[in-house]
Amino acid sequence: MSDVVTAPPLTLPDRLSSIDEPVKSIRTPAAVRYTYSPGQAPSEFLYKVAQKQLTGRKCPQCTKVYIPPRETCPTCGVTTLPDIIDLPDVGTVTSFCVVNVQFYGQAMEVPYVGALILIDGSDIPLMHLLQEVDVETVHMGMRVEAVWVDEGDMGPTLESIKYFRPNGEPDADWNSYKDNV
Amino acid sequence: MRDVAIIAFAQTKHRRSYEGTSEVEFLAPVLQEVQAKAGLEKKDIDFVCSGSSDYLAGQAFSFVVTLDAYGPWPPITESHVDMDGAWALYEAWVKMQTGKIDTALIYAYGKSSPGSIRRVLTRQLEPYYTQPLWPDSVALAALQARVGLDAGTWTEEQMAEVAATSRRNAKGNPFAQVVDDAEPATLLSKDYFVDPLRVHDCPPITDGAAAVIMVAGDKAKELTDRPAWIRGIDHRIDPAALGVRDLTVSPSAQLAAEKAGVADGNVDVAELHAPFTHQEIILRNALGLGDGVDVNPSGGALAANPVMTAGLIRFGELADRISRGEADRGVAHATSGACLQQNLVAVLEGE
C-alpha cells in the first residue's frame with residue numbers, strides 16, 4: 001500500500017495529442033441576468049394600457065405628444081409636461097409592411113401586415129399589427145381602431161391590444177399625417 | 001498645446017438603485033443642470049461625448065437610446081466610448097487640440113442595479129483564459145490586496161485608514177453614498193467580505209451619472225471667473241493578462257503621471273479613482289503624492305462608485321474645487337479594467 005495517489009495517465013484523442021493540430025474554436029457559454037426598468041413615464045403608460053386606455057405626454061417646447069410617453073423630449077432634451085394625456089384607440093396608418101416570408105420564431109401566419117399607426121392627438125406613430133383586412137387594400141391614410149384582448153387577459157403590455165383593424169371611416173387627409181411619414 | 005478648461009460639473013445624488021427609473025430619466029436632469037451652470041445651450045455646444053457600458057443595462061446600443069436625454073436635434077456631432085467618461089473627456093480634449101471644436105459636453109452614467117455588477121464586470125476580461133472562469137471584480141481586487149499584504153507593500157490597518165478617511169471626507173459631499181465617522185479600529189473589527197477585503201475596502205454598488213462642460217481658450221474666461229485649466233493629460237495601459245503584472249504597482253499610472261507633468265509643480269489636492277482601499281495606496285505611490293496632498297476630499301470612489309462615471313466625477317470634483325478657489329493645482333485620475341489596468345491622469349490648474 002502506498003500513500004501516493006497517482007493521477008491516471010492523461011489520454012487525449014489522437015487529434016489533440018499533437019500540437020500540430022491547432023485549436024480552431026472554443027465554446028464559453030455565458031449568461032447574465034437583468035431586471036429591466038422601462039422608466040417612470042413608460043411605466044405609467046403600461047399601467048394605463050392594462051386599463052384599456054392609451055396615454056401620452058407633451059413636450060413644452062415643440063408641443064409634440066409622445067406615445068408611449070417619455071420623461072424627456074428626445075428632440076428638445078427638455079422634461080415633458082407631467083400631465084398624462086388620455087388618447088383614443090383610433091388612428092391613421094402612416095406606413096405599413098406586408099410580411100410574406102416565414103422566418104424562425106415567427107408568431108404570425110403569413111401574409112400579415114405590420115403598420116405604423118398615428119394615434120389621434122399624438123405626434124409619433126406606434127407600431128402594431130393590422131388585421132381583419134385584405135392585405136391588398138391596406139394603404140397610407142387608412143383609418144383604424146384597436147381590438148383589445150378580453151378583460152381577463154389585459155395587462156401592462158402592448159399585447160393588450162390584439163391588433164388594429166379598419167374602422168370604416170374615410171381616409172385621413174394627407175396633411176394630418178404628412179409630418180409622420 | 002491649446003488651453004482647455006473645465007467650466008461646469010453636475011452629478012446625480014448617488015444611490016444603490018434608481019429602480020423604476022430609466023437611464024434617460026435619471027441622466028436628463030444632470031445634462032440640463034450642467035448646461036445651466038455653464039450658461040450654455042445646445043446651440044452653443046460643438047461636441048457631445050459620453051462614456052458608459054451596454055453591459056450594465058444588458059441592452060445592445062443602449063447608449064444610443066440614452067442620447068434622448070440630451071435631445072440630439074438638430075443633428076449633433078457626437079461620440080461614445082465604452083469606458084469611463086474620463087476617456088470621453090480625453091477624446092473631446094484631443095478634438096479640441098485639432099482646433100475643430102471650442103465647446104464640449106461630456107457625460108457618463110452607470111446604472112448597475114439592473115444586473116449583478118460582479119458578474120457583469122467579468123465580461124471585460126480577456127475572453128479565452130480568464131472570462132470563462134468568471135473571476136469577479138471583488139475577487140480580483142482581493143488577489144491584488146493579498147499580493148501587497150504578503151509583500152509588505154501595505155497593511156490591513158493602512159487600508160482601513162483609507163476607508164475611514166474617505167467616509168469622513170464624504171460627509172462634506174451631499175452626493176455621496178457611503179458616509180460615516182467610523183474609526184479604522186472599528187472597521188477592522190468587522191469580518192472579511194472576500195478575504196483579505198472587508199466591506200469597507202470595497203466600493204459601494206451605485207447608480208449615478210455625471211456631466212462636465214469643457215471649453216477652449218478665451219471662451220472659458222468669458223464664461224467663468226476661474227476656469228480649471230487642463231495643463232497635462234495622458235492615459236496608459238498595463239497588459240490584459242493579470243499573471244504578467246506585478247499587481248502591487250501601477251506602471252501605467254506612473255507613466256501617465258510623468259507624461260501629464262504631475263511632478264512639475266506642487267499638488268494641493270488629488271481626486272483618485274481608486275475603487276478599493278489598497279488601490280489608493282498603489283496610486284499614491286505611482287503618482288508620487290506626498291503626505292501634504294489632500295487625497296479624495298470628495299470621498300472618492302469608496303463613497304460612491306457609479307461604474308463608467310466615477311472617473312469623470314474625479315475631474316468634476318477637482319475642477320469645482322479649483323473654480324471655488326480652494327485649490328490651485330491638482331491631479332485628477334481615472335481607472336478602467338481589472339486591478340487598475342488602465343489609468344488616465346490629468347493636471348488641472350487655476351489661473
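I count two residues as in contact when their C-beta atoms, placed from the backbone, lie within 7 Å. The model I am reading is predicted.

**Entry 1: Met214 of chain B**

I looked up what B:Met214 touches, leaving out residues up to four places away in sequence. The list is B:Val4, B:Ala5, B:Ile6, B:Leu89, B:Ala92, B:Trp93, B:Ala104 and B:Ile106.

**Entry 2: the cores**

Next I asked which residues have the most contacts inside the largest nonpolar core. They are B:Val34, B:Leu89, B:Ile106, B:Tyr107, B:Val212 and B:Met214, in a core of 118 residues. I then checked the domains of chain B: domain 1 (4-115 + 205-223) and domain 2 (118-202 + 228-349) each supply at least three residues to this core. Another core, of 22 residues, lies apart from it and includes A:Phe45, A:Val49, A:Leu54 and A:Ala146. As background, I note that nonpolar side chains tend to be buried together in soluble globular proteins.

**Entry 3: chain B overall**

I counted twelve helices and ten strands in chain B. Its C-alpha atoms fill a box of roughly 55 × 45 × 40 Å along the principal axes. I compared the radius of gyration with the globule rule: 351 residues would give a value near 20 Å for a compact globule, and the 19 Å of chain B agrees with that. Of the 351 residues in chain B, 55% are buried. I also took the contacts in chain B between residues at least 6 apart in sequence, and 80% of these join residues at least 24 apart.

**Entry 4: where chain B touches chain A**

How many residues does each chain bring to the contact? I find 22 residues from chain B and 22 residues from chain A. On the side of chain B, the elements giving two or more residues are helix 1 (23-38) and helix 5 (117-120). Helix 1 of chain B gives the most, with four residues. I sorted this side of chain B by class and got ten nonpolar, seven polar and five charged residues.

**Entry 5: helix 2 of chain A**

I went through helix 2 (residues 40-49) of chain A for buried residues and found A:Ala41, A:Phe45 and A:Val49. These sit on the same side of helix 2 of chain A, because they cover an arc of only 75° around the axis. The general rule is that an α-helix has 3.6 residues a turn, so residues three or four places apart point the same way. Strand 1 (54-58) of chain A is among what covers the buried residues of this helix.

Definitions and conventions. Residues numbered from 1 in each chain as written. Chains lettered and ligands numbered in written order. Predicted model: local features only at pLDDT ≥ 70, side-chain atom pairs only at ≥ 80, totals over all residues. Rg over C-alpha atoms; globule rule 2.2 N^0.38 Å. Buried ≥ 20, exposed ≤ 12 C-beta atoms within 10 Å, placed from the backbone. Core = buried A, V, L, I, M, F, W, Y, C linked by C-beta atoms within 7 Å. Domains from an automatic or database assignment. Nonpolar A, V, L, I, M, F, W, Y, C, P; charged D, E, K, R; others polar. Arc of directions from axis to C-beta.
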